[in-house]
Amino acid sequence: MKRSGCKKRRPSFRRLLKTSGVKLENKVKNKQMKQQNVDKKQRKEQKKLRQALKSSSSSERPLETYCKRPEEEHDDEEFVENLPTDMLEDNDLQQMRHLSQQASFITRDLSSSTPVHSGKKRRSEMIRDYEKIPRKMKKTEEKEVIHLLPIKDKHRLIPQTMERVVETKKEDDEDEDPEDTCCEATPPAVWLTEATPPAVRLTLGQRQRVRAATLAQRKLHIAALGSAIVSEPISSVKRLKELRTMLMEAEPSVAVTVRKMVMVSLVEVFKDIAPTYRIRPLTQDEKNTKVKKETQLLREFEEGLLSQYKFYLEDLEQTIKDWKQQKMKRSQAVGIGSYVALAQVAVRCLCELLLALPHFNFHNNIIVILVPLMNDSNRTVSKLCCDAFRKLFQQDKVGSASLASVRVVSGLVKSLNYNLCPELLQVLLSLRIKDLRKDLESTTPQNKNLNSREKKMSRMQRKWKKVEEKLQKELLEADASENKEKKLKLHTETLNIVFLIYFRILKKGQKSRLLPAVLEGLAKFAHLINLEFFDDLIVVLQKLIQSGDLSNKESLHCIQTVFTILSGQGEVLNVDPLTFYAQLYSMLPQLHAGAANDDISIVLRCVDGMLTRRRKHVTQQRVSAYVKRLSTLSLHLLHNATIGVLCALRTLFQCFPKCDVLLDNELQGSGLFQPELDQPEHCNAHNTALWELHTLQKHYHPVVRTFSLHVSRGAPSEGSAALNAELSRRSAVELFDDYSMSDMSFNPSVGKAASKKKDHFVVGDMFDTELHDMSQRALTASADDTQLDFTGLQVD
């Protein structure tokens, strides 16, 4: 039975679309399979051919040797002897001999199975074997290597290589630092194999010329990149990256110099192109929204700048870590001896960025890197960091950078268990928190008055007041003026951390070398200490002084701290610091014109706080004793300290008029003055006189003579003994600093000494009358007529 014929259905367009991709994939797979099969067949055939060649070479055997019998050898000899010699002509015989010397089948050993010409390789085969050697040698130190022509030996080919060098004229040798030449060990510019002839090696002069040329080329490249980045910063992020990658200079001869130049150049570039605001990361919604082309370019620039700035700071930090760890890297082109110079440049760059970009990103990271380096054993690095933080504290008007730095210092002091150098704590003396109390007093009463007024305001008035405050806040933000409340908050937190550091050292580290810096800091910021700490602090300072372990300067700082506290908010305390008065009185004779002359400024501050500001709490006997001892002290000090002491005496005479009794020779009361007694209340200073003022009127310094005359007359405000306005308006500490000789200059300048030589000689001043008459006659008469007769003179 036949089947009914049915037509094949035509596929639809959708079906064709679905199956078209599958068909194409199948076709590609079939082609790949066919190609793989063909390759397999070819490999098999080649393998079989190689095996056949090996089997054929191994099946070759040497020819069998035929051993003759002795009878045959005897017959052959007889046959050769019986042969006629005249059967060959001479030419034919000579040709046969020549061929016998050249024929290889006659001369070669038939027992060997090697081919006839196996020892002779054709030149094409030799070149083909050489070409099989890889073009690039194995890189050991990541240097560019040039392959030279090989040297042919009897047994092998010796490959030859050398490092690529560029020979140009010597330039800019004077720009190099002396540190670079001593730190950089100039390696050979050419690295050769053992078999390289000595003629290929470069001499010392050639190496220096190659190094100078390479260094000049790097300088030009750095300058070109830097100028291009500064001129068009938005479109030069790639150039910035290229300049930063030059920090990884691999050429050993110029690596240290190039890295230093790139570090310094990048600092200047970042200072120029960094914006005056902090760049914040974009949110996902901000990234997805469409913006203008200019805005998109600005975003890309900010993102690229921030990433390159971050990588640059990481490179500087890694340079410092390599110096601290003293570890040599395998691919490092810089020797261990050069780490110190690179680290110092890196620290200098970080200090520049710390001061120039305090508002920019990663500023706190720079602080974290530099604060531990203030305690470094390298004096250069430590001094750089300390000076940078002093400048930062002085120019920080807001207080955010100071707060971040003080926090890191506090953590460092605690982690190292007070084993620090005193310079680290002396940096805190540069903090701008002196006027904190004035700002608090200026803002606190206003808030109280406002609170009292708000209670009386109506609802509508309060509403309008909130609107005014909001408007005022917007105006302040538009003027870019700092909020006082924010500033006070930052300063208060900074001050709390500073006093926490000081109190920890006073409690746990009294015998450490940080105590002088702590006492100096307490003396400076004592007026800002809270009232609740006064009693405990005075007790601790009194124990320190009575222990006798402190030096004169440390004891003076303790006394200054106590009286700074008592002259401010501590006036409400009922404390009589008699022991501190006696301690300072006994210390004054120990000061002199040597190294202790600089401590006079602390003494002047102590006298001002002890006597002038506490004039209502001081007895007349105590003041008289201090006046007498200060006048005695002024005799053996330098002129600037003497001027400061005389200015303090002038102030005491004005505040205590009864001290005029010391200017008279008459005795007041009973008892005799006992200058060796260290109790100012019982030394009877009112029964002495200030004879030192008369001695100081003959001093070599004119200002000292003026002040001593002024004080000896009772410090009048008018008259011939009165001071001029310039001297009378200055304080004792200001005069001490103004007339200091720290800069090796004399103020006022010293004039020329007057000559004692007479202009003319008077005859009658030295001779008697008779001799004078004779000399006059001799001068008036002629030389021929006059004869001098000295026989008649009588000598008395």
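Modeller: Accessible areas come from the Shrake-Rupley method with a 1.4 Å probe, and for residues only the protein chains shown count as cover. On that basis the protein chain has an accessible surface of about 53,900 Å², and carbon and sulfur atoms hold 52% of that surface. This is a predicted model, in which local features need pLDDT of at least 70, side-chain atom pairs count only at pLDDT 80 or more, and totals for chains, interfaces and linings use all residues. Residues are numbered from 1 along each chain as its sequence is written, and side-chain values use heavy atoms, without hydrogens and water.

The chain has 796 residues, and 33% of them are buried (under 20% relative accessible area; exposed is over 50%, partly exposed in between). It holds 31 helices and two strands (DSSP runs of H or I, at least four residues, and of E, at least two, numbered from the N terminus).

The part to look at is the meeting of helix α14, residues 379–395, with helix α15, residues 400–415. Their axes (lines fitted to C-alpha atoms over the stretch in contact, with angles from 0 to 180 degrees between N-to-C directions) come within 8 Å and cross at roughly 140°. The two helices are therefore oblique to each other, a class left over after roughly parallel (under 35 degrees), roughly antiparallel (over 145) and roughly perpendicular (65 to 115). In contact (heavy atoms within 4.5 Å), α14 brings F389, L392 and F393, while α15 brings A401, S402 and S405. By type, the residues of this contact are four nonpolar, two polar and no charged (Ala, Val, Leu, Ile, Met, Phe, Trp, Tyr, Cys and Pro are nonpolar; Asp, Glu, Lys and Arg charged; the others, Gly among them, polar).

Technical notes
Buried < 20%, exposed > 50% of the residue type's maximum accessible area, 1.4 Å probe, protein only.
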